[in-house]
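Thank you all for coming; I would like to walk you through one model this morning.

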Amino acid sequence: MSWSRSFRKRWLVPLVAAVALVPAAAVSAVAGEQDTFFEETGEAFWSVPHTCADGAVVDGTLLVRSTRDFEQPETEDADPTTRVQFLAVCPGGISFSWATVPSAPSTITSTTNLKSIRTVGSGTARDNSGVTHTVSFDVTYTGVGPIITEVNGPGSTRREREATATGVVMFDGAVLVDGAANHPFRDMFIRVDIEKGS
């Protein structure tokens, strides 16, 4: 073998190997840019009687909304939360409201295909006069009917399913609701939003 052939062989093989690595690195970079964000939400409403300061009883609205989200390469939310809030409007437009501030830490478990979500947790709520309260909850959402898929744009997809819910919500140690979500005018659902990076 001549010196020139030996030289070419000695340097050509490492050069080809180095060139072969470039596409793999490029693919890895592209994959890094295409991270996927996942958000799962369950939302349900109860109609809850509220006694106003003047003794009038009105229907208040209780919301329990669970949220867990994560971004790949994660596969689970390290800090899932649930928002619990209440609003009642008394005669004369005087309202009483409160909400967990921030959303309450929760343990959230769910099944595939929007079949069910369960959220359990507790937190602190503040009402519209600045008073704080303790709130705890154990609510299960159950998907019913078909799954509706909506494409919002390139890489953005929403899958949603009508749901029912049942559970217990405690407010300052007293049972606020215990049973099925029953608000007559509010839609209840389980939803998953997926956003893929470009």
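I will start with confidence, then turn to strand pairing, aromatic rings and salt bridges.

This is a predicted model, in which local features need pLDDT of at least 70 and side-chain atom pairs count only at pLDDT 80 or more, while totals for chains, interfaces and linings use all residues. Residues are numbered from 1 along each chain as its sequence is written, and side-chain values use heavy atoms, with hydrogens and water left out.

The mean pLDDT (the predictor's confidence in each residue, from 0 to 100) is 86 for the protein chain, and 82% of its residues reach 70 or more. Over residues 1-33, however, pLDDT stays under 50, and the model has 4 contacts beyond four places in sequence for them, a contact being heavy atoms within 4.5 Å. Where pLDDT is low, the predicted coordinates should not be read in detail.

Now to the strands, which are DSSP runs of E of at least two residues, numbered from the N terminus, and which pair if DSSP finds at least two bridges between them. Strand S1, residues 36-51, pairs in the antiparallel sense with S2, residues 57-71, over 15 bridges, and also with S10, residues 189-196, over 8 bridges in the antiparallel sense. S1 and S2 form a hairpin with 5 residues between them, and glycine 55 in the turn has a positive phi of about 95°.

What does phenylalanine 38 face in S10 as its bridge partner? That partner is isoleucine 194. The structure holds 4 aromatic pairs, where rings of Phe, Tyr and Trp (its six-membered ring) pair if their centres lie within 6.5 Å, planes under 30 degrees apart counting as stacked, over 60 as edge-to-face and the rest as tilted. The rings of phenylalanine 38 and phenylalanine 70 are stacked because their centres are 4.8 Å apart and their planes at 25°. Both phenylalanine 38 and phenylalanine 70 are buried, with buried meaning under 20% relative accessible area, exposed over 50%, and partly exposed in between (1.4 Å probe, protein chains only).

Finally, there are 7 salt bridges, each a side-chain nitrogen of Lys or Arg within 4 Å of a carboxyl oxygen of Asp or Glu. Arginine 68, which stands opposite glutamate 40, meets glutamate 76 in one of them, at 2.8 Å from N to O. Arginine 158 forms another with aspartate 193, the closest N and O atoms being 2.7 Å apart.

Terms used: Helices (H or I, at least four residues) and strands (E, at least two) are DSSP runs, numbered from the N terminus.
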